[in-house]
Amino acid sequence: MNWYLLVIALYAVLLIAVGVIISRRVKGADDFFVGGRKMAPFLLFITLVAPNIGAGSTVGVAGMGFTSGISAAWWIIASAVGTFILAFVIGPKIWEIAKNNGFYTLGDYLEYRYNRYFRGLISLMMAIGTLAIFAGQLMGIGWILSVVADIDKITSVLIAAVVVVLYFCAGGFLSAVYANLIEACVKLIGFIVAVPLVLAFVGGFEGLHTKVVANMANATQSVAYFSFDGLGTTVIMGFFLMLMPSFFLSPALIGKVYSARDKKTVRISTFFCGVVMLLFSIIPVILGMAAYAIAPDLPQRDLALPYVMKECMPFWASALALAAIFSAEISAADAVLYMITTSFTKDLYKSFINPTISDEKLIKGGRIVTVLAGIIGIGLAIVLPNVISALSIFYSLMSVSITAPLLFGLFTKRSSAFSAIFAAIIGVIVTVGLEFFNGNKGIWILNGQSTAILLTLIIMAVMMFIKPRKIKA
């Protein structure tokens, strides 16, 4: 019998059951989309930290640790810094506006601050980008189950998609919160247990260093591998400029902020989420480096984490680690489904096609969108090369198109809808152009996305004086 598969099957049934049970508490769109706006600090913290430690922060970062060493930790550190900005700068301010106006989504705010056309433009880009990030989460689960449980990648992706679609369909945001509670606990325990066991297997930090150096071609390469700037200044700065905005303006995170019962809850919950992310940042990196130490010829870097889970720990710990990884990917996947569902139903369908739709039909439409997103996500997960490439598509689109409009919109009244739309379009064009025609290299030490974000900030600043917003008396 495949005991790993049995563990995952039982765990999946538990998550689906939780979703179905909690769905009975969903009485309307407020519950389905923002949890009734009554999340206490602990529950909000859980539903923030669960998806923030997902495929990119586990499978993806372990894969970067495998190839690049200790400096891969900057991926999560940059994400944590963005989370602190959400806690103290963006979150409390946008929560107050959302509370006073009954907003469900980031798109609601963008229409309120600019206009419905800007909302439509951003929502369409987000809907496309979130499909890529959803595929990234499914891909992470696919790699894990294919290596640890000997299930082929396609079947693994199907299992993951079915689980998350079923429990999210049942109760939307509210079901996801309570599923996240289980997932976060399993995830943190699993990784905390895994690190000392894996290090013991490779002979501690000294053994890890010795084995890695033995696999390296030269001393320069090994020094970079154990250096916090090993990836290079350009790449690390690119992480910050790509990931920081993503973690303070993500539609999923903004929607979760809306669910808080007050401003204090937003600050406390989001701050502690960032702290946990910082503490977690080195864990998947160490596991990825251990994989390189004992199996430097792995055909795919995304195999690093599942490899050490299976080869370096006893069964009980491997099964717990498998459940932890499954939790990381599933919790991030439900956050993405939340973004996709709100983008298509609330930001696009209700705003542009059927403004008078009832709550009951809106929830039904959300469930249909969730199922369709699951199908599309499966297809993308099968064809995209690795987790980080899938996530980068989303982070690039979102960071470039929303960073400047959100910041200028919240902190100045002079920014107009025209300047927001113009900046977003130019930013995306520049990003795509630099990606395809200049190898994603930008100006100075910046990469393509970072250059585009800087450009959008300059455009918005200049347009405040050239074409300021007309404020009605």
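This briefing covers helix packing, a surface patch and salt bridges in one structure. The model is predicted. Two packed helices are described by the angle between their axes and the distance between those axes. Two such pairs come up below: helix 3 with helix 13, and helix 8 with helix 16.

**Helix 3 and helix 13**

- Helix 3 spans residues 41-52, and helix 13 spans residues 263-280.
- Their axes lie 8 Å apart and meet at an angle of about 40°.
- This crossing is right-handed.
- From helix 3, the contact uses Pro41, Leu44, Phe45, Leu48, Val49 and Asn52.
- From helix 13, the contact residues include Thr265, Val266, Ile268, Phe272 and Met277.
- Sorted by class, the contact holds 11 nonpolar residues, four polar ones and no charged ones.

**Helix 8 and helix 16**

- Helix 8 covers residues 153-202, and helix 16 covers residues 315-353.
- The angle here is about 145°, and the axes are 5 Å apart.
- Helix 8 passes helix 16 in a left-handed crossing.
- The contact between helix 8 and helix 16 has 25 nonpolar, five polar and three charged residues.

- Six names make up a nonpolar surface patch: Phe88, Val89, Ile268, Phe271, Phe272 and Phe411.
- The patch has an area of about 540 Å².
- Helix 5 (74-101) and helix 13 are the elements that each give two or more residues to it.
- Helix 13 supplies the largest share, with three residues.
- Phe271 is a patch residue, and Phe271 lies in helix 13.
- Ile268 and Phe272 belong to the patch, and both are also on the helix 13 side of the contact with helix 3.

**Salt bridges**

- Side chains of opposite charge can pair when their charged atoms come close.
- How many salt bridges does a search of the whole structure find? The count is five.

Terms used. Residues are numbered from 1 along each chain as its sequence is written. This is a predicted model: local features need pLDDT of at least 70, side-chain atom pairs count only at pLDDT 80 or more; totals for chains, interfaces and linings use all residues. Side-chain values use heavy atoms; hydrogens and water are left out. Axes are lines fitted to C-alpha atoms, for helices over the stretch in contact, and angles run from 0 to 180 degrees between N-to-C directions. Helices (H or I, at least four residues) and strands (E, at least two) are DSSP runs, numbered from the N terminus. A crossing is left-handed if the near helix is turned anticlockwise from the far one by less than a right angle, and right-handed if clockwise. Contact means heavy atoms within 4.5 Å. Ala, Val, Leu, Ile, Met, Phe, Trp, Tyr, Cys and Pro count as nonpolar, Asp, Glu, Lys and Arg as charged, and the others, Gly among them, as polar. Patches are made of residues with over 30% relative accessible area and no salt bridge: like charges are joined within 9 Å, nonpolar side chains (Val, Leu, Ile, Met, Phe, Trp, Tyr) within 5 Å. Accessible areas come from the Shrake-Rupley method with a 1.4 Å probe; for residues, only the protein chains shown count as cover. A salt bridge is a side-chain nitrogen of Lys or Arg within 4 Å of a carboxyl oxygen of Asp or Glu.
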